[in-house]
Each structure stands twice: as C-alpha cells, then as structure tokens.
Amino acid sequence: MTMNDLEEFQKSLGDNFEGNIGIYHKWLFFNSKTYTDINKMDSIKFSKQSKIKRCFDNCIKIAIRHPELKYIEGHVSCFGIPLEHAFLVNDNNEIIDPTLAISTNREVERYGDQYYGVEIPREVLIKYRHRENIYTPIPYLYWEEMNKK
C-alpha cells in the first residue's frame with residue numbers, strides 16, 4: 001500500500017526528529033488514519049457556530065456538545081501544503097470540517113484535499129481543553145499521559 005502525501009509528511013517528521021519529539025511523531029504516524037469523505041451538509045451546519053482560523057477551539061466545543069462525533073487532530077492538505085488541523089468524524093467516517101466550511105467571499109471551496117489525524121478520546125479532550133492559555137497539541141498531551149503509565 002502506498003502512502004498519501006500527509007502520511008509521508010508525518011512519517012518524515014518521525015524520521016527526522018530525535019528524542020521524545022521523534023518518538024511522539026512516530027507514535028502519531030502509527031496511530032493516525034486517513035479520512036477522505038467530507039460531509040459538506042454537516043460541515044456547513046456546524047460552521048454557523050465556528051470562527052475562522054480557530055479549528056481546535058471550534059471542534060473541541062462541538063465534540064463536547066455532540067458525543068456522537070469524534071475529535072480528530074492532525075493535518076489537512078490544502079493545495080498540497082500540510083497544515084496542522086482539527087476536524088470531526090461521524091459514525092460513517094465522514095469528515096465534518098466546520099472551520100474550512102466557513103463561508104468566505106471567495107468562490108472556491110476551502111475544504112482540504114486530504115485529512116489525516118489521530119482520534120482523541122472524549123475524556124482526554126475534556127481533561128485538557130482548558131489546560132493552558134496557549135494551544136498545546138492535545139495528541140502530544142495524550143501521548144505524554146500514555147507514556148507515564
């Protein structure tokens with residue numbers, strides 16, 4: 001099986017960093033999944049309560065209010081450029097991306113070409129959502145917690 005661009009990108013992070021950062025990126029590579037189908041209707045519905053450039057906050061808030069949705073954190077490829085990103089996935093493994101569904105005055109869709117990330121369990125999401133005033137990747141906090149055991 002060949003890797004897509006985001007899988008290759010994540011693998012390269014694990015291969016090129018040393019120490020805990022390299023170990024973390026390798027863990028992220030082996031525990032992440034590629035998602036391909038976008039549910040545009042639900043993405044647009046949830047975009048009404050979302051803010052542009054706030055994917056982590058948007059998706060955390062929605063995931064906490066809607067336990068049927070999974071919070072995924074990883075990367076999205078937009079025009080071939082990998083960006084750190086949070087999105088949601090429903091029971092049909094469809095992507096719900098409320099942030100990139102936000103209407104702008106442009107005539108192009110803003111959804112990503114590829115989505116890749118790791119599911120963060122609900123209890124971990126609730127535990128870390130207000131831990132710091134600055135954003136710390138929740139997958140990293142989750143990885144740290146798992147390695148303390």
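Modeller: First a term: pLDDT is the predictor's confidence in each residue, from 0 to 100. This is a predicted model, in which local features need pLDDT of at least 70 and side-chain atom pairs count only at pLDDT 80 or more, while totals for chains, interfaces and linings use all residues. Residues are numbered from 1 along each chain as its sequence is written, and side-chain values use heavy atoms, with hydrogens and water left out.

Biologist: What is the mean pLDDT of the protein chain?

Modeller: Of the residues in the protein chain, 91% reach 70 or more. By element, confidence is highest in β4, at 98, and lowest in α6, at a mean of 85. For the protein chain the mean pLDDT is 88.

Biologist: Which pattern does the protein chain follow along the sequence?

Modeller: Helices (H or I, at least four residues) and strands (E, at least two) are DSSP runs, numbered from the N terminus. The secondary structure amounts to six helices and five strands. Read along the sequence, the pattern is α-α-β-α-α-β-β-β-β-α-α.

Biologist: What is the radius of gyration of the protein chain?

Modeller: The radius of gyration is taken over C-alpha atoms, and the globule rule is 2.2 Å times the number of residues to the power 0.38. For 149 residues that rule gives 15 Å, and the chain comes close to it, so it is as compact as a globular protein of that length. Along the principal axes, the C-alpha atoms fill a box of roughly 45 × 35 × 30 Å. The radius of gyration of the protein chain is 15 Å.

Biologist: In what order do the strands form the sheet?

Modeller: Two strands pair if DSSP finds at least two bridges between them. Here the sheet is open and the pairing antiparallel. β1 (33-35) and β4 (95-96) each have a single partner strand, so one side of each is left without a neighbour in the sheet. The order is β1-β5-β2-β3-β4.

Biologist: How many bridges join β2 to β3?

Modeller: β2 and β3 run antiparallel, and Val-76 has as its bridge partner in β3 Leu-83. Between β2 and β3 the number of bridges is nine.

Biologist: At about what angle does helix α2 run to β5?

Modeller: Axes are lines fitted to C-alpha atoms, for helices over the stretch in contact, and angles run from 0 to 180 degrees between N-to-C directions. Helix α2 (residues 19-31) lies across β1 and β5 (114-120). Helix α4 (residues 55-65) also packs on the sheet, touching β2 (70-78) and β3, and its direction makes about 15° with that of β3. Between α2 and β5 the angle is about 105°.

Biologist: Against which elements do the buried residues of α6 pack?

Modeller: Buried means under 20% relative accessible area, exposed over 50%, and partly exposed in between (1.4 Å probe, protein chains only). The buried residues of helix α6 (residues 138-148) include Leu-141, Tyr-142 and Trp-143. They pack against α2, α4, β2, β5 and α5 (122-128).

Biologist: Which residues does Tyr-111 touch?

Modeller: Tyr-111 sits in the loop between β4 and β5 and counts as buried at 13% relative accessibility. Contact means heavy atoms within 4.5 Å. Not counting residues up to four places away in sequence, Tyr-111 touches Ile-38, Lys-40, Ser-43, Ile-44, Asp-97, Leu-100 and Ala-101.

Biologist: What relative accessibility does Lys-53 have?

Modeller: Lys-53 is in the loop between α3 (40-47) and α4. Its phi is positive, about 65°, although Lys-53 is not a glycine. Lys-53 counts as exposed, with a relative accessibility of 77%.

Biologist: Which residue in the turn between β3 and β4 has a positive phi?

Modeller: β3 and β4 form a hairpin with five residues between them. The phi in question is about 60°, and the residue is Asn-93.
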